[in-house]
Amino acid sequence: MPADPQRSVTSRPPRGSGTSAVEVRRSNRRSRTVSAYREGDRTIVLIPARMSEAEEQRWVGVMLEKLAAQESKKVLGDQELTERAERLSAQYFDGRARPASVRWVTNQNTRWGSCTPSEGSIRLSHRLQGMPEYVIDYVLCHELAHLLVPGHGPGFWRLLEAYPRTERARGYLEGVVAAGRLPHLPHAREE
């Protein structure tokens, strides 16, 4: 543990967290609680001064996930979804994928998204609302890639490799599908 327990440390966040810097602030007044908030492009994590470096690292990860979950619960409207798709296209596809429309739909219960390249339209299932941002971004990138390459051939997957959280997002969605197939256990009966 450092000599000054009330230090402020700015470090690189865990890879793929979507945050540019994490600042950890230790406090002698804080005995057990850990909290975090966003300040610009930084995340501030407040921890007790007595916490070990290993506990600090663990709690930083926990708090980053917690903040991401809270932020993902904010439902984007169609306009925000369109703006997000435009940013993703610029970031990962050099702006070449230009959707004419991007919107939420409630009639997709077996797909996460769909794209009609001839119209330039992208539709995302309402079931994605409330999922982590990186998952929504992956589905948007997937559909944006279809504007450039139809089908799911090798060229499509090479193009989609530009999005760094592809495998993680796919795993998350596979887990959601698998969880939906689990048998529902009856509630425990009181005796």
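A residue counts as buried under 20% relative accessible area, as exposed over 50%, and as partly exposed in between. In this predicted model, tryptophan 157 has a relative accessible area of 26% and is therefore partly exposed. The ring centres of phenylalanine 156 and tryptophan 157 are 5.0 Å apart and the planes meet at 85°, so the arrangement is edge-to-face.

The structure holds three aromatic pairs. Another of them joins tyrosine 92 and tyrosine 163, whose ring centres lie 5.3 Å apart with the planes at 85°, so this pair is edge-to-face. Here the link spans distant parts of the chain: tyrosine 92 belongs to helix α2, while tyrosine 163 sits in the loop between α4 (154-160) and α5 (166-181), 71 residues apart. With a relative accessible area of 18%, tyrosine 92 is buried; tyrosine 163 is buried as well, at 5%.

Helix α2 (residues 78-92) also carries arginine 84. At 9% relative accessibility, this arginine 84 side counts as buried. Beyond its neighbours within four places in sequence, arginine 84 is in contact with Leu76, Glu133, Asp137 and Leu140.

Arginine 165 lies over the face of tyrosine 134, at 4.2 Å from the ring centre. Arginine 168 likewise lies over the face of tyrosine 134, at 4.7 Å from the ring centre.

Key:
Residues are numbered from 1 along each chain as its sequence is written. This is a predicted model: local features need pLDDT of at least 70, side-chain atom pairs count only at pLDDT 80 or more; totals for chains, interfaces and linings use all residues. Side-chain values use heavy atoms; hydrogens and water are left out. Helices (H or I, at least four residues) and strands (E, at least two) are DSSP runs, numbered from the N terminus. Buried means under 20% relative accessible area, exposed over 50%, partly exposed in between (1.4 Å probe, protein chains only). Contact means heavy atoms within 4.5 Å. Rings of Phe, Tyr and Trp (its six-membered ring) pair if their centres lie within 6.5 Å; planes under 30 degrees apart count as stacked, over 60 as edge-to-face and the rest as tilted. A charge sits over a ring if NZ of Lys or CZ of Arg is within 6 Å of the ring centre and within 35 degrees of the ring normal.
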